[in-house]
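Could you walk me through this structure in my viewer, one selection after another? I am new to it and would like to know what to look at next.

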Amino acid sequence: MLDASEGYTTEDGRKIGAVVMEMKNITLRFGGVVAIQDISFDVREGEIRAIIGPNGAGKSSMLNVISGFYNPQEGEVWYKGAKRPPMKPYQVAQQGIARTFQNIALFEGMTVLDNVMTGRIRQMKAGLISQAIWKGKAEREETENREFVEKIIDFLEIQHIRKTPVGRLPYGLKKRVELARALAAEPSILLLDEPMAGMNVEEKEDMSRFVLDVNDEFGTTIVLIEHDMGVVMDLSDRVVVMDYGKKIGDGSPDEVRNNQAVIDAYLGVAHD
Amino acid sequence: MPEQVIWGMEVVLNGLMAGVLYALVALGFVLIYKASGIFNYAQGVMALFAGLTLVGIMEGQVPFAHLINAALGTEIHHFGWHIPALAAILLTMVVMIGLAWIVNVVIFKHLVNQEPIILFMATIGLAYFLEGFGDIMWGADIKKLDVGLPQGINLWIDETTYNIFDYGFFIDNLDIVATVIAAALVFTLIVFAQYTKQGRAMRAVADDHQAALSVGISLNFIWVMVWSLAGFVALVAGIMWGTKSGVQFSLSLIALKALPVLMLGGFTSIPGAIVGGLIIGVGEKLFEFSFGQMMGGATENWFAYVLALIFLVFRPQGLFGEKIIERV
């Protein structure tokens, strides 16, 4: 099914493109603790790539490596065909990799609209002076980007809370606002850290629909971490399975589901 | 109209003008507080430093003259040139931006994610350092600052009020200019903070460092920008107060007057700083005018603090501050 450079076609007929990001032999340590041990995998354009694994498997660490919050001791990150030097998180963001957080990192005191607008920072280029006097480029940019942001807000169905300070919103909506902010950046890769964590069934269904719609509508490449096996199997095109910092499986949901190592990791193994 | 009422009106007007100057200092506090969560004790000293630097540059003073002369046995004090006010103001702004950068690199970069009280202590240290540094750099004598702002009684107001009330109001031209400049400054700052990329980034950084990084905001850049803005506000305040009462050490003490203003207006609100400043300005002048003699005068020294104390009891978040709700 996999072709080295060309990509592949999914069961439902979506075209998956070439490799856009590749992790090569990543090792990450915190002192003596090895969080990630020699893991390699790739992400292709337009696909939904999941990273799963039990608690403490190193999934979030992996996401933090991709988004620049951690720099691995060994290994290389290749992005768009070039090796990426060690970077600060804001530099990674400026390269077009947007993310959400497991325990939501929104600007609580700002309105939903303002929060989503911060996602547009990469697209706004007017200089400080122009902004200070709010003429010419700065004013024009503000209007243009506002239009785009309104589209995203409509798309994620959060119009009714546009002017509400985020701090007042319930958990499920906050998750959605965070997704909106990440989407506003028009990312090449969207990283979702447990987008359904702590949600009830209905909210999970909504979120799943949004993830699929985002991928469908904008063709966004999505890397997501999830706990809920059911959700992952329905959503993703390919799955990486981690356990104790090691990769124990990689492939389509069906392949992974039938992988003995994965079954052992999730259900436990009898010791005899 | 009875005399008392007319005098009262004049007092209120003067109070409003004084209030604007208080608000100007308070604004510097609010800006830094909103953008970085730091209560900047050094704001008053920054105004003093800006004033000293401005005078020094205008008069062509040699910086560190005492130090150089003591070390090398020379007798140099002046370069012997005078720089026009506008150019000197721009140069001072460059110095203030440089200062912002140094403050960030040397101090605050290393204190990311520390408790607010530690950051506060750092600004106290900064205040004392800057005070001494300003002295060494430009000398400790009282300096006269004249950047060409109009000063003295406004004759038009004097005449107009004389025609109406038979009593001419005394309003200083400088106060009028200060009011206009402060209003323009506040308007610009509000628009900047609310409707521009960098303003939004500034608020974002104050709210959540990690989230700010994840959308591509460089914390260092924003902090330097915020301290530069505070430096700019300090410069404006330094010019106004310096022109009014000379550039001298007591300039740094006006920062203390900003504290009650902030308690009244709320630490997080730009409009709050303005309204708080006006209330204190008018309040203390009016109080002195009505009860001053009865209480032995000089009530202006303490009135603001007592008013702030009353506010603390009944409305701790100030008039416009965000209400703090603790979830249990």
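Select Ile26(A) and Ile39(A) to begin: Ile26(A) stands opposite Ile39(A), which belongs to E4(A). Keep in mind that you are looking at a predicted model. Now widen the selection to strand E3 (residues 19-30) of chain A together with E4(A), and you will see an antiparallel pair held over 8 bridges. Follow the chain around the turn of this hairpin, where 2 residues sit between the strands; Gly31(A) has a positive phi near 60° there.

For a landmark, pick Glu22(A) and look opposite, to Trp78(A) in E6(A).

One more step takes you from strand E6 (residues 74-79) of chain A to E7(A), an antiparallel neighbour joined by 2 bridges. Which residue of E7(A) stands opposite Tyr79(A)? Ala82(A) does.

The 4 strands make an open sheet of chain A in the order E4-E3-E6-E7, with antiparallel pairing. Strand E4 (33-44) and strand E7 (82-83) of chain A each have a single partner strand, so they stand at the edges with one side left without a neighbour in the sheet.

Ala50(A) has Val239(A) of E11(A) as its bridge partner.

**Two domains in chain A**

Now colour chain A by domain. The domain assignment gives domain 1 as 1-87 + 191-197 + 223-272, and domain 2 as 97-186. Their C-alpha centres lie 28 Å apart. Where they touch, domain 1 of chain A brings 10 residues and domain 2 of chain A brings 8 residues. On the domain 1 side, look for helix H1 (59-66) and strand E9 (189-193) of chain A, the elements that give two or more residues to the contact. That side divides into 6 nonpolar, 2 polar and 2 charged residues.

**Where the chains meet**

Bring chain B into view. The contact between the chains takes 27 residues from chain A and 21 residues from chain B. On the chain A side, select helix H2 (89-94), helix H3 (112-118), helix H4 (128-133) and helix H5 (137-155), each of which supplies at least two residues. Which of these gives the most? H2(A) does, with 4 residues. By class, the chain A side divides into 15 nonpolar, 6 polar and 6 charged residues.

**Helix pairs in chain B**

Move on to helix H2 (residues 43-59) and helix H4 (residues 85-106) of chain B, whose axes are 9 Å apart and meet at an angle of about 135°. The two helices are therefore oblique to each other. H2(B) passes H4(B) in a right-handed crossing. Zoom in on the contact: residues of H2(B) including Ala50(B), Leu54(B) and Met58(B) meet residues of H4(B) including Ile89(B), Thr92(B) and Met96(B). The contact has 10 nonpolar, 2 polar and no charged residues.

For your last stop, select helix H11 (residues 254-265) and helix H12 (residues 270-291) of chain B. They pack at about 120°, their axes 8 Å apart, and H11(B) passes H12(B) in a right-handed crossing. Among the residues making this contact are Pro260(B) and Leu264(B) of H11(B), with Gly272(B), Gly276(B) and Ile280(B) of H12(B). Here the classes are 8 nonpolar, 4 polar and no charged residues.

How values were computed:
Residues are numbered from 1 along each chain as its sequence is written. Chains are lettered from A and ligands numbered from 1 in the order in which they are written. This is a predicted model: local features need pLDDT of at least 70, side-chain atom pairs count only at pLDDT 80 or more; totals for chains, interfaces and linings use all residues. Axes are lines fitted to C-alpha atoms, for helices over the stretch in contact, and angles run from 0 to 180 degrees between N-to-C directions. Angles under 35 degrees count as roughly parallel, over 145 as roughly antiparallel, 65 to 115 as roughly perpendicular and the rest as oblique. A crossing is left-handed if the near helix is turned anticlockwise from the far one by less than a right angle, and right-handed if clockwise. Two residues are in contact if their C-beta atoms, placed from the backbone, lie within 7 Å. Ala, Val, Leu, Ile, Met, Phe, Trp, Tyr, Cys and Pro count as nonpolar, Asp, Glu, Lys and Arg as charged, and the others, Gly among them, as polar. Two strands pair if DSSP finds at least two bridges between them. Domain bounds come from an automatic or database domain assignment.
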